[in-house]
Amino acid sequence: MVPDSYADGPRLLADIGGTNARFALEHGAGRVGDAHTLACADYEHFDDAVRAYLNRLPARRVRHAVIAIANPVDGDAVKMTNHHWAFSIGASRAALGLDTLLVVNDFAALAMALPALGPADLNKVGGGQAIATGVIGLVGAGTGLGVAGLVPVDGRWVAVQSEGGHVAFSPFDEREVAVLQHCWQRYEHVSAERIVSGPGIVLIREALAARSGLPLDASLSTADIVERGLAGSDPLCRETLDCFSGMLGTVAANLAVTLCARGGLYIGGGVVPRLGTYFARSPFRARFENKGRFSAFTSQIPTLVITAAYPAMLGAAAILSEHLAHVGDLAASASTPRAASPAPLPLPLLETENDHARF
């Protein structure tokens with residue numbers, strides 16, 4: 001029987017993006033509570049945000065923590081791409097008084113949560129049917145553009161960590177070529193993340209206004225553009241959402257054929273869930289299926305929008321649980337006379353270098 005609470009106390013879970021830091025405690029396997037979101041901009045340092053969250057709770061000892069962060073994770077030093085936080089994992093672990101501090105890529109953590117999501121956590125867009133043993137693709141627009149995969153290996157799932165949001169942007173039609181040309185006036189390299197993201201929605205609208213010779217209201221935020229576009233009160237904002245959705249369809253289809261993602265293509269991030277029922281009617285699915293000679297292939301792959309709250313934390317908790325179980329196995333093995341000393345296993349992550357690929 002699984003205990004209701006961990007014997008060594010609750011575990012700290014966090015999902016940190018370029019805008020918000022979401023925290024929670026896992027009191028026992030699958031028992032997550034005390035969730036709270038802090039604005040990253042309100043804290044000078046990563047450690048400050050962690051302390052601010054813990055100080056909101058009744059005094060208790062937290063020994064183990066896992067942080068899913070919107071960033072590549074390689075070694076001890078972490079420097080965020082879309083925020084100014086930079087820290088040493090080892091130094092933060094010591095400063096926060098933790099026995100364990102794991103830092104993993106946020107979309108790798110989100111990928112690990114996918115097998116546990118049920119129908120109530122997902123909105124299916126379009127047709128297609130997943131193959132249970134197939135590779136899964138994951139993409140999501142927020143402050144940046146996250147990309148990951150999930151591969152079945154020997155009866156377990158292994159996350160494929162990726163920085164695929166930084167591949168060169170791939171335009172589909174003349175309108176998107178015009179958006180790209182507008183961006184080239186400002187950036188030498190225009191990544192998919194630069195345009196297919198929350199901040200990218202502002203950039204798309206700016207480019208479309210310039211293309212049509214329309215005056216630009218530069219005061220509109222991403223949230224303003226989404227609100228006006230969904231309401232139908234601003235044709236330029238609606239065109240912006242249509243353009244964004246089509247671009248995301250291209251990104252998702254590229255990932256689907258790259259990974260041969262017969263297990264489904266999942267959509268996370270903060271932007272798409274805010275588009276509500278519009279997204280199912282948007283150009284996204286038609287673009288996803290418009291893949292030339294591979295259109296029949298992508299049309300068979302289901303696309304599913306993740307609607308669950310804090311899903312990356314569930315995947316991060318699974319990674320932490322596996323890590324602690326392995327550490328416990330090593331300790332037990334070391335205490336057994338004549339026991340072998342196995343090499344430490346890696347976290348369930350595989351890395352790719354497709355951040356420099358060109359679709």
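User: Does Asp15 count as buried or exposed in this predicted model?

Analyst: In this predicted model, the relative accessibility of Asp15 is 12%. Buried means under 20%. Asp15 therefore counts as buried.

User: In which strand does Asp15 lie, and which residues does Asp15 touch, not counting residues up to four places away in sequence?

Analyst: Asp15 belongs to strand β1. Not counting residues up to four places away in sequence, the residues it touches are Asn20, Ala21, Arg22, Ala68, Asp106, Ala312 and Met313.

User: Is Ala14 buried or exposed?

Analyst: Ala14 is found in strand β1, which covers residues 11-16. Leaving aside neighbours within four places in sequence, Ala14 is in contact with Arg22, Phe23, Val66, Ile67, Ala68 and Met313. Because its relative accessibility is 0%, Ala14 counts as buried.

User: Which residues lie nearest the centre of the largest pocket?

Analyst: The largest pocket holds about 1,000 Å³ of space. Elements giving two or more residues to its lining include β2 (20-28), β9 (136-141) and α12 (311-334). Of the 47 lining residues, those nearest the centre are Arg22, Ala141, Gly142, Gly269 and Gly270.

User: How many residues of the lining of the largest pocket are charged?

Analyst: The lining of the largest pocket includes 18 nonpolar and 23 polar residues. The charged residues of this lining number 6.

Key:
Residues numbered from 1 in each chain as written. Predicted model: local features only at pLDDT ≥ 70, side-chain atom pairs only at ≥ 80, totals over all residues. Heavy atoms only, no water. Buried < 20%, exposed > 50% of the residue type's maximum accessible area, 1.4 Å probe, protein only. Contact = heavy atoms within 4.5 Å. 1 Å grid on protein atoms, 1.4 Å probe; cavity = no way out; pocket = protein on both sides within 12 Å on 5 of 7 lines; lining within 4 Å. Points joined across faces, edges and corners; volume = space filled by probe spheres on them. Nonpolar A, V, L, I, M, F, W, Y, C, P; charged D, E, K, R; others polar.
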